Amino acid sequence: MNIREATAGDFDSIWPIFQPIAAAGETYAYPRDTSREQAFKIWMEIPGKTYVVEENDQILGTYYIKTNQQGPGDHVCNCGYMVSTSARGRGLATACVNTPSRWQENSATRRSSSILSPQAMRQR
């Protein structure tokens, strides 16, 4: 399993993970009919960093990290995680939470607020 920063080209593999999770409306407060273009902005442009989890050149999951608030709240981060249905239950979300690069690249961040899907919470 390899965790690396996502590129714009990775979104072709992120979209099939993102779309059913957003459409289900159980974990994220995104519109259930979020378009691909809206999803790209939400997941790839707005966050400070977006990462992918890959295995055998296949993207199995993704997460972002961004500041929770502007100004005095910018030392608190917010992270969101999504894992493909085929890879759930394997500890991918836990691996993302424990990724050292997440904290090294955001060393000013002292606290984290993570959004985990019900599946990811069961893995922890």
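The following legends describe close-up views of a predicted model.

The model is predicted, and local features require pLDDT of at least 70, side-chain atom pairs count only at pLDDT 80 or more, and totals for chains, interfaces and linings use all residues. Residues are numbered from 1 along each chain as its sequence is written, and side-chain values use heavy atoms, with hydrogens and water left out.

**View 1**
W43 belongs to helix α2, residues 36-45; helices (H or I, at least four residues) and strands (E, at least two) are DSSP runs, numbered from the N terminus. W43 counts as buried because its relative accessibility is 0%; buried means under 20% relative accessible area, exposed over 50% and partly exposed in between (1.4 Å probe, protein chains only). Beyond its neighbours within four places in sequence, W43 is in contact with F11, I14, F18, Y28, Y30, T50, T62, Y63, Y64, G80, Y81 and M82, where contact means heavy atoms within 4.5 Å. The side chains of W43 and T62 are joined by a polar contact of 2.8 Å. A polar contact is a pair of N or O atoms within 3.5 Å; within protein, one must be able to donate a hydrogen and the other to accept it, and residues adjacent in sequence count only if both atoms are side-chain atoms.

A39, W43 and M44 are the buried residues of α2. Seen down the axis of α2, these residues fall within an arc of 90°, so they line one face of the helix; the arc is that of the directions from the helix axis to the C-beta atoms. The face turned away from the buried side carries the exposed residues E37 and E45. The cover over the buried residues of α2 includes α1, β2, β3 and β4 (76-83).

**View 1. The largest nonpolar core.**
Of the 17 residues in this core, F11, I14, F18, Y28, Y30, W43 and M82 touch the most other members. A nonpolar core is a set of buried Ala, Val, Leu, Ile, Met, Phe, Trp, Tyr and Cys residues joined through side-chain atoms within 4.5 Å. Two or more residues come from each of α1 (11-24), α2 and β3 (58-67), and α1 gives the largest share, seven residues. Another core, of six residues, lies apart from it and includes I65, C77, C79 and Y81.

The whole structure holds ten aromatic pairs; rings of Phe, Tyr and Trp (its six-membered ring) pair if their centres lie within 6.5 Å, and planes under 30 degrees apart count as stacked, over 60 as edge-to-face and the rest as tilted. F11 and W15 form a tilted pair, 6.3 Å centre to centre with 35° between the planes. The rings of W15 and F18 have centres 6.1 Å apart and planes at 20°, so this pair is stacked. W15 is buried at a relative accessible area of 18%, and F18 is buried at 0%. One aromatic cluster is formed by F11, W15, F18, Y28, Y30, F40, W43 and Y64.

**View 2. E54 and its partner R4.**
E54 is found in strand β2, residues 49-55, and is buried, with a relative accessible area of 14%. Its side chain makes a polar contact of 3.0 Å with the side chain of R4. Not counting residues up to four places away in sequence, E54 touches M1, N2, R4, I59 and L60.
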